Amino acid sequence: ELVHYFKVKANAFSESEVRQAAEEQARKIRYNDPEISCDYCGCKIDTARNKVCPHCGAPYDKDDEWTQRFNVKNSFVVQSTKEIIAKREEKAQKETILLMKKIKKRIILLLALFFGFMAIGLVLMITEPFDEIRKSEELNDSDRYHYTEVDYEINGDGVIYDDGNVKITVTGIYNDEDTRDRDGVIYGSVKVGFRVENNLDKNVHVYMKCNSINKVSEDYEYIFAYDVYKKHSDVTVYEEIYSTPNYIISEMIFSEIDVYSTDYEYHGNDTENVILTTTADFEYPMDLSEAEVIYSNEKVTIYARMIENYSDENRLSIYVENKTDKAFMMDITDFKEDGKTVSSSITGDSYLPAEYTYVSKDISVYGEDYYETDLSGKTAEFNISFTCKEDPSYDFSTGYVSLDSVLK
């Protein structure tokens, strides 16, 4: 509407166009050529019929009566132009006033709607958060994958969380027919079904993390769920795990399962280190024969090696073998490259269960003004802190561990 307003304001009238219209109007008016008196002999001249005096032949182009005819036409054009401009301007002002009234009404209406929606939104935020509520899902919800139930079973009842109000049960494991071979290992996608029963009178958040499957802990989460479930609901949902070795799950460990209400008045039991096993007998074929031991004590052994990736770049990988019966939280800090502290893609807390091996693939570093993936020929060192919540006496730090022999 503002664009429309300024357009009307700018184009309300054009003086050149108005003058042209006035001249056109002047041309349409017919004048009767006047009868004048000859300035030389006084004889009457009919200017409509005679171009000179019929009596003495004198011209009359300088005659005042004759030239006045053109002065009348010119003054008429000027006067008509002024009158038309005035009329156009008056009309434009009236249109502008009407348009401004419309704009004001619409602005008031839009402001009323805006603040109305803001008020409604505020009420909804207070009474019911805008979190999307998760509902029951189909196992195969697209044509991209086709999952079928595996031929092995879950040991026990599959319950991984139950605080008396909210209960979470693993209902089944399903794999997809589409697989691929990588470094001699078959990888495929797996879906895990979860039944979530909320018996509370309020909606709840369910938070689940799992980065440990089949004796391997990755540097990313296989399952990371943070969803809202409606009060008094019983739904079944599915979480997809991509690139699972041999698309088989013999064991999976949830590092954390947490349940709390959306209004934060209710909080369930924060559960850690929840282990789910199946009748499948499979472990990841971890081959560390070509990796170099860079640190070892009675609790862990740390390996490192360079691997050529799909881009033909040499990428650094680190492996941490937990030799204890306790779970650790690992914090890989103080990564230094050529003596300077840099950020790396593995910096942060990672969960490492008992007797599991942590795998960190394709490590990258981030300096002040660059992103680097190939560390060949560099000097590098880092520190890993290990924290054991179950038994703090197991806590320790490696100190700086050199990677120079691996990167040379």
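Q: How many of the 408 residues of the chain count as buried, as a percentage?
A: In this predicted model, 41% of the 408 residues count as buried, where buried means under 20% relative accessible area, exposed means over 50% and partly exposed lies in between, with a 1.4 Å probe and protein chains only. Residues are numbered from 1 along each chain as its sequence is written, and side-chain values use heavy atoms, with hydrogens and water left out. Because the model is predicted, local features need pLDDT of at least 70 and side-chain atom pairs count only at pLDDT 80 or more, while totals for chains, interfaces and linings use all residues.

Q: And what does the secondary structure come to?
A: The chain has 4 helices and 27 strands, which are DSSP runs numbered from the N terminus, helices being H or I with at least four residues and strands E with at least two.

Q: Which residues have the most contacts inside the largest nonpolar core?
A: They are Ile160, Ile168, Phe194, Ile249, Met252 and Phe254, in a core of 44 residues; such a core is a set of buried Ala, Val, Leu, Ile, Met, Phe, Trp, Tyr and Cys residues joined through side-chain atoms within 4.5 Å. Strand β6, residues 185-198, gives the most to this core, with 6 residues. Apart from this core lies another one of 33 residues, among them Ile253, Leu316, Val320 and Cys388.

Q: What does Phe194 touch, then?
A: Leaving aside residues up to four places away in sequence, its contacts include Ile160, Ile168, Met208, Ile223, Val235 and Phe254, a contact being heavy atoms within 4.5 Å.

Q: Changing topic, in what order do the 3 strands of the open sheet come?
A: The order is β10-β7-β13, and the pairing is antiparallel; two strands pair if DSSP finds at least two bridges between them. Because β10 (223-229) and β13 (256-261) stand at the edges with a single partner strand each, one side of each is left without a neighbour in the sheet.

Q: How many bridges are there between β7 and β13?
A: Strand β7, residues 204-210, pairs with β13 over 6 bridges in the antiparallel sense, and His205 stands opposite Tyr260 in β13.

Q: What about the second largest pocket, which residues are closest to its centre?
A: Of the 25 residues that line this pocket, Ser255, Phe328, Met329, Ser350 and Tyr351 are the closest to its centre, and about 460 Å³ of space lies in the pocket. A pocket is found on a 1 Å grid over the protein atoms alone, as an open set of points where a 1.4 Å probe fits, with protein on both sides within 12 Å along at least five of seven lines, and lining residues have an atom within 4 Å of a point. The volume is the space filled by probe spheres set on the points, which are joined across faces, edges and corners.

Q: Which strand gives the most to that lining?
A: Strand β21 does, with 4 residues, and both β18 (328-337) and β21 (348-352) supply at least two residues each.

Q: Last one: is Asn214 buried or exposed?
A: Asn214 is buried, with a relative accessible area of 2%, and it lies in the loop between β8 (212-213) and β9 (216-218). Its phi is positive, about 55 degrees, although Asn214 is not a glycine.

Q: And where is Asn273?
A: Asn273 is in the loop between β13 and β14 (274-277), and at 33% relative accessibility Asn273 counts as partly exposed.
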